[in-house]
Amino acid sequence: MPVITDQLPSPERRPLSPSTIVIFVLGGPGSGKGTQCANIVKDYGFSHLSAGDLLRAEQDRPGSQFGEMIKEYIREGKIVPMEVTVQLLDNAMREAVENEGAKGFLIDGFPRKMDQALQFERTVAPSNFTLFFDCPEATMQERLLNRGKTSGRSDDNEESIKKRFKTFVETSMPVVDHYKKEGKVVWVDATSSPDEVYKKVVEGFTKKGLEQLKK
């Protein structure tokens with residue numbers, strides 16, 4: 001496999017500030033991560049980076065030699081090679097610091113595997129904690145099928161959804177369990193209404209010493 005990180009466009013590397021807050025956001029497909037991240041951005045001022053959105057943008061970027069590969073991995077519900085995902089996140093974080101003065105990040109849908117977590121913390125920045133949305137598979141499938149009616153996303157169909165569930169349980173839950181053992185997980189029941197779920201998020205953030213922006 002080629003050295004992917006040398007072939008993706010990368011801004012001039014500057015070390016991230018040690019005070020930069022990095023929160024991994026995990027949960028099965030359809031657990032409501034995107035909705036809750038939007039609330040957190042509004043109330044806490046963090047920058048929201050979706051690993052999936054970055055990959056989808058890269059697959060459509062004119063001239064990307066990895067576009068077709070990314071498209072195939074996403075279609076099959078497989079995890080894109082970590083070199084690609086970590087480099088895209090690194091680029092996006094540095095651009096946000098440079099252009100927006102970002103001081104905190106929600107990394108949505110990442111890390112999907114333990115080796116991604118270790119690679120990111122070794123080469124980009126350590127994480128403060130992981131925000132995990134716990135939701136039953138049946139609930140998530142119903143949400144995704146409803147979303148698929150209007151989203152236009154190629155992976156919002158029953159076959160892809162089942163593959164994504166299986167991949168999440170087998171590869172991402174070990175990441176959650178790893179950080180839970182380190183006391184670095186805010187575990188949220190995501191089965192209730194978005195407002196109720198967000199109340200639990202705020203409670204968890206408060207326990208971690210994070211305060212909402214003054215309005």
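Ala, Val, Leu, Ile, Met, Phe, Trp, Tyr, Cys and Pro count here as nonpolar, Asp, Glu, Lys and Arg as charged, and the others, Gly among them, as polar. The views below show a predicted model.

**View 1. The largest pocket and its lining.** The largest pocket holds about 730 Å³ of space. Its lining has 35 residues. These divide into nine nonpolar, 15 polar and 11 charged. Nearest the centre lie Lys-33, Gly-52, Arg-56, Arg-153 and Arg-164. The elements β1 (21-27), α1 (33-44), β2 (47-50), α2 (51-60), α6 and α7 each supply at least two lining residues. The largest share, five residues, comes from α2.

**View 2. The annotated binding site.** An unreviewed UniProt entry places a "binding site" at Arg-56, Lys-78, Ile-79, Val-80, Gly-109, Phe-110, Pro-111, Arg-112, Gln-116, Arg-153 and Arg-164. The farthest two C-alpha atoms are 24.5 Å apart, so these residues do not all gather at one spot. The lining of the largest pocket includes several of them, among them Arg-56, Lys-78, Gly-109 and Gln-116.

**View 3. Arg-153 in its loop.** Arg-153 sits in the loop between α6 (137-151) and α7 (158-181). Arg-153 is partly exposed, with a relative accessible area of 25%. Leaving out residues up to four places away in sequence, Arg-153 touches Arg-56, Arg-147 and Arg-164.

**View 4. Pro-111 in its loop.** Pro-111 belongs to the loop between β3 (104-108) and α5 (114-123). Its relative accessible area is 0%, so Pro-111 is buried. Beyond its neighbours within four places in sequence, Pro-111 is in contact with Phe-24, Leu-26, Gln-116, Ala-117, Ser-172 and Val-175.

Terms used: Residues numbered from 1 in each chain as written. Predicted model: local features only at pLDDT ≥ 70, side-chain atom pairs only at ≥ 80, totals over all residues. Heavy atoms only, no water. UniProt positions renumbered as here; feature names shortened; annotations may be inferred. 1 Å grid on protein atoms, 1.4 Å probe; cavity = no way out; pocket = protein on both sides within 12 Å on 5 of 7 lines; lining within 4 Å. Helix = DSSP H or I, 4+ residues; strand = E, 2+ residues; numbered from the N terminus. Buried < 20%, exposed > 50% of the residue type's maximum accessible area, 1.4 Å probe, protein only. Contact = heavy atoms within 4.5 Å. Points joined across faces, edges and corners; volume = space filled by probe spheres on them.
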